[in-house]
Amino acid sequence: VKKRRIVSIALLAAIAAVAAVLLFAIAPSTATKTVRPGLTLLVNQRTQTEILPGTPLLFDVSLGSSPSSAPFDVGDRWRPWHSLVRLEQVPTEQTVPWTLVRVGPPRSIHFVRDNDGQPALTEDSSSAARLEAGRHVHTVTFAAAPNDTGRIKPGTYRVRGVVETPSWMYWGWKGRVASAAVAIVVRDPSSSDRREQLDAERLALAAKFFLTAGRFEEARQAAVSLVTMNPLDSRSHILLGDASAGLNRLEEALDAYQRAMALLPRSYEEPRLLIDRIRGVVHAMQP
Amino acid sequence: MKPHVGWAIAAALTAAVMASGDLTAQSSSSSPHNRRVWTGTIDYREIILNATDTTPIRRPVRYFVNVHQTFRFVSEEVPDQPGFKRWVSRQITWSAYGSSASSIEGYECSGSGSVDLGPADGYDALTTQQEEQLQIPCEERKYTDAAVWAFIPKPDVKVRMPDIDTSMTTCEATRRWTANGARYTLTVSGVQQMNAVVDVDREPYAAFVPEPGHTLTFTARSASGPLRFRFELDRTGTSRFPGYASNANIDDVFFTKHNLASLRGQYANDGPDFVFYPEHFGRVDWARVSLDAAETRVAETAALVTVTAMDYGAVGRLRVYAQPAECEGAGGWQPISFRVGTATREHLDLPLDEDDNLIADALEPYRGIDSGADDDAEPKGNGMAGDGLTAFEESRGFLTRGAGCGPEVTEAVYGDVELNNQSQVVGWSDEHVRTSPRKKDLFVHTPDPELALVVPAVDRATGLDVHVICEAHYAGNESRVVNFTLQDSGVRAWQGTTVANPEPQHGIYLEPADSLGLRGVAIPVTEGLIGPPKLTRSVKVTKPQPGSSNAAHRGRLEYADLIHTVVHEIGHSIGVPHHGDLVDNWRLVLGRQNVVTWLSLQQHAGGPPDFTQPNSLPEMPESYYAAVEGRQYLTSLLVAPGGDCVEGAADAIYYKDNQFVGCTADSIARRGQQNSGDFECPMRYSGSDYYEAPGTIARFLWTGLVTYRHRAWKRDLHGHLVDAWGGTLLKYRNDLDRDGQGILCSRIDGTGINSPSEQDHNGNAGRDRPCVDFLVVNDRAASGTP
């Protein structure tokens, strides 16, 4: 029995040694030069933005890869890829000076083709970010709420996204990838010559932020202020309609959408998304 | 006899034989009548900018002359006439090109050759026959059939005779001077001929493709004893194209990425495209190394030199000179030739370019194609060949997006790269592609990675090669010029060979949009114009709002819809209109258009809507809606009873004076308009509320206030302003319709829901040409259009 125990222990030790060798030798070797991750950061859908204090900031951090990249995974079920994402200031590498909350679930979009070459997009929310030949994009959205950004002092802030694996994470892709920095220019409301325009932008983004966060009453308040400020702007009415629909105030929503319809700037395209909204509300109003 | 003694004897014999060979070579170079060899070059290059012809219109004239000559004259003293020289051999080699042309006529002169003028008493003595031999033929060219008189200067293309100062002493340093616009060099040595040559290994030479950091190595050998060698990259024969690819200027990452770090700060954007990279030259062996010249320190029987490309379209000319031992430390440099296979050349063109199109022969797709050609044939589109990029620009290639467009840093990528304390490098993951000269290329920039993911879908739908680029790759979203390196610097030709088009080619700016109410829109540079990319300022696309729990906020838009939207809007940005519309001289000619609430007020007369008019009624004070600056707004369309609108249906909500008056709708699809034609075409609209029954036409009936009877709430909402439309309007089968997911239609016939054998909702496309016949990528097609 003792001999068998010794053999078992020896076997286990051998297996552990092999596993250790694999962890240290094979795992880093996946990080070859053919693996090319890339990170993109957008703030309010742009690479730079000019705001007044109190304008929410929505940061989309997207992880992708080059067209020539070999396949690899970032993160896993124990340490999801989006938990490796952070925002930091440039060049100080300090954390950003406002509270960030994650908005919505992280999303993974995959570009696929069937046997006939027909392209399609699929969407999921996997923990491991699969990256291969530029065919996958994994995005997580962070936001700074209006009350947080209301405390920002005027000035220019440069922020970049970073994905970095911890030193103990030996499996999968290991390394660090940083995005280009986005610039956030915060203007002093008392001295900005674009105050009116920036204030409208502040309200529109606030409405959008609250809609995204499911805080429809606050979204409605922002949208009403925006409509008062810009009664001929179709976007204001669309946001008001969205907020009202969220509050199940369907009649008001329909009214707002129909006003928006009349105010839409001329365009070669039909306002399909607005028509869809109207249909959705009309449908909801049906018995 | 012991073996090693045998080896020693053999070695001694071999050395003796070699020594005798050397002696033979040296003795053959001795000069019984003080023979001297005079070598040199003559370069004449003239470009006249802003020249015009003499017509009142004063058409621009492009004037360009480039003549390169080398010569090798041999003189000897005449023993009984001290101080008198006799010329025993006078060899001149030349290549010349000149062009002077307006858009209607001009001259083109070109020729090359080599001749030995033979013995003479004076070095510049020519017989009439010899003068004729040195003539460069010129042809007069007419580019129009119209009889137009215009004086255009004839290019000054001629072979010049060397100017030899016979007082020059043997081994004197090479003289260089300029006279009458021509640059002269002159060298004299006493050795009749050195037995030295550069043997070019044909295989790597033929396989060489220029790329920054890529090298070619050559060995110069002397069979006539040790010589010093000088390697020169001919300044007139080596290109200096701005940047290093068709859309990339020299930047910091260039040096890191291509292992050229020691040239950082020394190499300019318009530096020579082939260089001697200092890192390849040790200080011990080389006396002088600059970007365009390298000279060995001591006389050797062989010297190995490495030439480095700095541009994906680099063109160069390598010359090698040797200095005889008798001239060491002084001048007397004589050119030595290259041996490529069985051929001997006085200089070596880099890369191998036997079809003389400035493009490496190793790049098979461009072989035999004129460098200025822009005649990509596929897809045919509207018949305008080309994609706005010359074959040279396509072969020089483009940087395309790698992962993201900003600085990226990963341990994986930088594992074996010395970054000189750079923490981040912009553009590291850019990838270079040489585009096809036969297939049209389209370049799209978007800052949004999710939109970038979708862009490759455009290639299948259009047949184009579609490339995603960063903003820096088309010089900014305002400029959008994808071939800016040559365009912005005004370089259109090199050595008389066209390398760029007269006009730039534009890319497409694709950006995410927010709360437009539209799925997407192509925004024209000039309202109402549609055509090649230069006419579209940007393409805006609305993305789904995945974070929202609000279905209305999210709308019906899903990520899967993005492919259709992106393809559809980019389709507009390359000239393809909706199925009911036409394009006339890049102006959009609208069909009747679907009836929609948004446009209804301009559609009462039945014709196309007027986008310039506001969708408002001037005076309806009793309206349910509060006035906004005196305007009243339509609630929706009203579909009058008849057809599929019957009281009791879900959408039968409008009453007037307690009488049912019609159904609500926001759109009525009209035959031959946006929803018509090929079911799978991505330019087709899908979905509507009602459609015109085959053979019928929707007619405007009236505008007025109606009551919305809300059955669920059991109450009436008064004062809804509607446009009433009648005719035979049938309920649209949205359950059978979806976005077109195929390729641009090649027939106008209605298929699927539009097929006469199926639901026949919208019939054939309302124009005589399918979408593929509108596609246009080449910006030159709309030349002159703002």
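1. A salt bridge, as the term is used here, is a side-chain nitrogen of Lys or Arg within 4 Å of a carboxyl oxygen of Asp or Glu. The model is a predicted one, and in it B:R733 and B:D735 form such a pair, with their closest N and O atoms 3.0 Å apart. B:R733 is partly exposed, its relative accessible area being 39%, whereas B:D735 counts as exposed because its relative accessibility is 57%.

2. Over all chains, a search of the whole structure gives 58 salt bridges. One of the pairs in chain A joins A:R249 to A:E252, with 3.2 Å between the closest N and O atoms. Both partners fall in the intermediate class, since A:R249 is partly exposed at 32% relative accessibility and A:E252 is partly exposed with a relative accessible area of 34%.

3. In chain B, the side chains of B:D374 and B:R780 meet in a salt bridge at 3.0 Å, N to O. This pair links distant parts of the chain, 406 residues apart, with B:D374 in the loop between β18 (348-350) and α5 (391-396) and B:R780 in the segment after β40 (729-731).

4. Turning to the contact between the chains, 97 residues of chain B and 89 residues of chain A take part. The two chains bury about 7800 Å² between them, and 56% of that area lies on carbon and sulfur atoms.

5. Charged and polar pairs also cross this interface. Three salt bridges are counted between chain B and chain A, and there are 22 residue pairs in polar contact across the interface, both residues being at pLDDT 80 or more. On the side of chain B that touches chain A, helix α11 (residues 559-573) of chain B gives the largest share, seven residues. That side of chain B is made up of 42 nonpolar, 32 polar and 23 charged residues.

6. A named charged pair between the chains is B:E450 with A:R107, whose side chains meet in a salt bridge at 3.0 Å, N to O. Through salt bridges that share partners, A:D60, A:R107, B:D448, B:E450 and B:K543 are joined into one network.

7. The largest nonpolar core has 46 residues, of which A:L121, B:L442, B:V444, B:L510 and B:V566 touch the most other members. Among the elements that each supply at least two residues of this core are β6 (101-113) of chain A and, from chain B, β23 (441-445), β27 (508-513) and α11. The largest share of the core, six residues, comes from α11 of chain B.

8. What does B:L442 contact once its neighbours within four places in sequence are left aside? Its partners are B:L464, B:D465, B:V466, B:H467, B:I508, B:P533, B:I570 and B:I574. There is also a second, separate core of 32 residues, which includes B:L216, B:F218, B:L227 and B:A322.

9. A last point concerns B:Q130, which is found in helix α2 (residues 128-133) of chain B. B:Q130 counts as buried because its relative accessibility is 12%, under the 20% limit for that class. Not counting residues up to four places away in sequence, B:Q130 touches B:R90, B:L117 and B:A125.

Terms used. Residues numbered from 1 in each chain as written. Chains lettered and ligands numbered in written order. Predicted model: local features only at pLDDT ≥ 70, side-chain atom pairs only at ≥ 80, totals over all residues. Heavy atoms only, no water. Contact = heavy atoms within 4.5 Å. Buried area = accessible area lost by both parts, 1.4 Å probe. Polar contact = N/O pair within 3.5 Å; in protein donor to acceptor, adjacent residues only side chain to side chain. Helix = DSSP H or I, 4+ residues; strand = E, 2+ residues; numbered from the N terminus. Nonpolar A, V, L, I, M, F, W, Y, C, P; charged D, E, K, R; others polar. Core = buried A, V, L, I, M, F, W, Y, C linked by side-chain atoms within 4.5 Å. Buried < 20%, exposed > 50% of the residue type's maximum accessible area, 1.4 Å probe, protein only.
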